[in-house]
Amino acid sequence: MKKLRFLTALILPAIMLIACENTSTIGSSLVENQIEIVVDSTFSLTGRSVENKRIQSRTITQILGAITAKEYGSFTSDFVTQFMPASTIDTTNVQVENVDSLRLIFRVPDTDIIGDSLIPMGLNIYPLTKELPSPIYSDFDPEGYYDPNQMLQSQIYKCNDLADTDTTYVVGNKYIMMGLPKTLAQQLFSLYKENPSNYATPENFTKVFPGFYVTNSYGSGRVVRIAQTVMRLHYHKNFVNDNGNDTTVNYIGYYYAVQPEVISNNIIRYNMSESLKQKLAGGQNIVVAPAGRDIEIEFPAREIINSYKTQSGNMSVVNTLTFSIPVEEIENSYDMAPPSAMLMILSKDKDKFFIDNQMTDDVTSFLATYNSTTKTYDFTGMRAYMMDLLSKSEITADDYTFTLTPVTLETTINTTSSYYYYSPTTETVNAIIPYTGTPAMASLSLDEAKIILTFSKQSANF
């Protein structure tokens, strides 16, 4: 009886899959039971590298710069962006003539620079002449959205650790700063002063100020990921102090920023190197990001289901289904690493996933981060996918054709602590977006991928 009670406790909490066979008869008694753990790793994977020419903008991150590397190819990125205005700005005792200047500031984390931080590179800024379309993609053509003869600013900049005329360094970040015309500063102030409803919503604001087009105008050898973009308005107020003297007080207002509520889009151009083309021709499965190459695979769903049904017996429980892909890092002169995160999504659902800002559900989509120690992408939570396959009367190509595409994770760091205790920080994923970062690449060894099915089965003699 002890053995029977143990067996019941083990099996009842699990979801049982019963292969129905009428082998029992009335009056039969259970005389012997045995639990067997089956581990099947005999499955193989097929796939290929496919073009991913464009990605949809779902981020406030901007990429700027240009590089050329014989192991990678040539890459350039410009961007277009709208701005989110403050809901109110200070107009008390401030007239248009009190507005002094406007500064555009890009914050670049130290870790988001590829290439030489010391080389001089140039950028041009143009005002957009009309609202950006939505949705918008990385192959967006800005022609017709700006006037090339109406440049607002042109600047040479570096990303070194020493403060100079174009860059300020604060531990962990570099700030690229540039002055914009005073006329633009006064124009933006007047838009609010004359009609505050212009600032009431992002939609209202973009109708009167569509934003900027920022281009890489000079140089090659560096790409930066801009994590934050703001505009800083400088103005002053005139007072008569308590002593009766005229006094001027200077003020700064951070009234304009790139936020998720507005459109910001990277315009990416990539030409693959001959060495990468040769790797592709030789059968390697290359992934390049952003907007370069994905991997399409045929996951062995039918083989997995057939194996399970053949071996499972009368009573069984699916324990786990895992999938691990070895990664070969491609040596290059810019220290480009594999993409930090990989989304595995049914190919038919890829576009909808990003358009609808979806999260992974472990049935049609899965997430893995790059493990630089084991050099693998590990998808560990695929049990629900298998359960879904078992419920289907027929498994079609749409059920097992997946795309592996690089992604960027937008996260929140959570820390819970008090005077009495400290809890380790946790990271919550808030959004999964097409990869937006400095160039990355890798070769995925699909022929060495490990797909492991583990299930428990009960054998019973009557």
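Helices (H or I, at least four residues) and strands (E, at least two) are DSSP runs, numbered from the N terminus. The model is predicted: local features need pLDDT of at least 70, side-chain atom pairs count only at pLDDT 80 or more, and totals for chains, interfaces and linings use all residues. Residues are numbered from 1 along each chain as its sequence is written, and side-chain values use heavy atoms, with hydrogens and water left out.

**View 1. The whole chain.**
The protein chain holds 8 helices and 27 strands. Of its 462 residues, 47% are buried. Buried means under 20% relative accessible area, exposed over 50%, partly exposed in between (1.4 Å probe, protein chains only). A contact means heavy atoms within 4.5 Å. Take the contacts between residues at least 6 apart in sequence: 79% of them join residues at least 24 apart.

Rolling a probe the size of a water molecule over the atoms shows where empty space is left. The search uses a 1 Å grid over the protein atoms alone; a cavity is a set of points where a 1.4 Å probe fits but cannot get out, and lining residues have an atom within 4 Å of a point. Grid points are joined across faces, edges and corners, and a volume is the space filled by probe spheres set on the points. The largest cavity holds about 70 Å³ of space. Its lining includes Ile55, Gln56, Ser57, Arg58, Thr59 and Ser138. Asn265, Asn266, Ile268, Ile433, Pro434 and Thr436 also line this cavity. Strands S17 (264-272) and S25 (426-434) each supply at least two lining residues. S17 provides the largest share, 3 residues.

**View 2. The largest pocket.**
A pocket is an open set of points with protein on both sides within 12 Å along at least five of seven lines. The largest pocket contains about 600 Å³ of space. Its lining counts 28 residues, and Arg58, Thr59, Ile60, Glu410 and Ile433 lie nearest the centre. Strand S24 (401-414) and S25 are the elements that give two or more residues to this lining. S25 gives the most, with 5 residues.

Helix H2 covers residues 182-194, 13 residues in all. The expected span of a helix is 1.5 Å times one less than its number of residues. For H2 that comes to 18 Å, and the end C-alpha atoms are 18 Å apart, which agrees. Leu184, Ala185, Gln186, Leu188, Phe189, Ser190, Leu191 and Tyr192 are buried. The buried residues of H2 pack against helix H3 (202-208) and against several strands, including S7 (99-109), S12 (173-180), S13 (212-218), S15 (228-240) and S16 (246-257).

**View 3. Aromatic pairs.**
Rings of Phe, Tyr and Trp (its six-membered ring) pair if their centres lie within 6.5 Å; planes under 30 degrees apart count as stacked, over 60 as edge-to-face and the rest as tilted. The whole structure has 26 aromatic pairs. Phe209 and Phe212 form an edge-to-face pair, 5.5 Å centre to centre with 90° between the planes. Phe209 counts as buried because its relative accessibility is 3%. Phe212 is buried too, with a relative accessible area of 1%. Tyr308 and Phe455 form an edge-to-face pair as well, at 5.0 Å and 80°. This pair links distant parts of the chain: Tyr308 sits in helix H5 (residues 301-311) and Phe455 in strand S27 (residues 450-461), 147 residues apart. Both Tyr308 and Phe455 are buried. Ring pairs also join Phe83, Tyr192, Tyr199, Phe205, Phe209, Phe212, Tyr255 and Tyr256 into a cluster.

**View 4. Charges over rings.**
A charge sits over a ring if NZ of Lys or CZ of Arg is within 6 Å of the ring centre and within 35 degrees of the ring normal. Arg54 lies over the face of Tyr137, 3.8 Å from the ring centre. Lys130 lies over the face of Tyr145, 4.5 Å from the ring centre.

**View 5. Serine 312.**
Ser312 is placed in the loop between H5 and strand S20 (315-328). Ser312 counts as buried, at 5% relative accessibility. Leaving out residues up to four places away in sequence, Ser312 touches Phe455 and Lys457. Ser312 and Val38 are 274 residues apart in sequence, yet 8.5 Å apart in space, C-alpha to C-alpha.
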